[in-house]
Amino acid sequence: MVMSETELLALLRELDDPERMERPLHYDRAASAIAFGGLVGRLEADFGVKCEFEQDTQDSSEYGRVRVPAEATVCGTRIVVCVSKFGSLAEICADNPGAFLGTEDAREEGALDPGDLATVERALVEFGYVSVPEELLESDYDGPIAPECFNEDPTWWARFFGIT
């Protein structure tokens, strides 16, 4: 299901618990590992390559990352999928988070193929993730957590994928 920017912002605000910076109250580590493993397997099958990944990231609200190698993509740029510990939020980036102004910018510059993006988005949906555009995640955080609590600029990305 594709969500509008308004719906995605409402979801981010709903998941934003000022008492829990690193993970939500009822965080299920085992369920996160199963979904993430399924995502890695699906991306490897869809792109026909082994994908590097890291998971169960410590001291971060990010659960893990999967990297689809550049040689497996149409544009020759690796795709990085970041997964949060909150609400199965996910972000798709060309090369690395912040390497482009967002997915639209990466597509316009020829670094991200729409077909490759659609393949990753289908995999995310299959495993229960909600894809949040990088452009939205890089917008200013306006939730209840004080800016000084962040280790970096207070953005929605820092809130749901950053180091705590």
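The legends below describe views of a predicted model.

View 1. Helices (H or I, at least four residues) and strands (E, at least two) are DSSP runs numbered from the N terminus. Along the sequence they follow the pattern α-α-β-β-β-β-α-α-β-α-α. The C-alpha trace spans about 40 × 35 × 30 Å along its principal axes. Of the 164 residues, 46% count as buried (under 20% relative accessible area, with a 1.4 Å probe and protein chains only).

**View 2. The five strands form an open sheet.** Their order is β1-β2-β3-β4-β5, with mixed pairing; two strands pair if DSSP finds at least two bridges between them. β1 (52–55) and β5 (130–131) each have a single partner strand, so one side of each is left without a neighbour in the sheet.

**View 3. Strands β2 and β3 run antiparallel.** Six bridges join β2 (residues 62–68) to β3 (residues 79–84). The bridge partner of G64 in β3 is V83.

**View 4. Helices α2 and α4 against the sheet.** Helix α2 (residues 29–47) touches β1, β2 and β3, where contact means heavy atoms within 4.5 Å. The direction of α2 makes about 10° with that of β2. Helix α4 (residues 114–126) lies across β3, β4 (89–94) and β5, at about 165° to β4. Axes are lines fitted to C-alpha atoms, for helices over the stretch in contact, and angles run from 0 to 180 degrees between N-to-C directions.

Residues are numbered from 1 along each chain as its sequence is written. In this predicted model, local features need pLDDT of at least 70, side-chain atom pairs count only at pLDDT 80 or more, and totals for chains, interfaces and linings use all residues, while side-chain values use heavy atoms, leaving out hydrogens and water.

Key
Buried means under 20% relative accessible area, exposed over 50%, partly exposed in between (1.4 Å probe, protein chains only).
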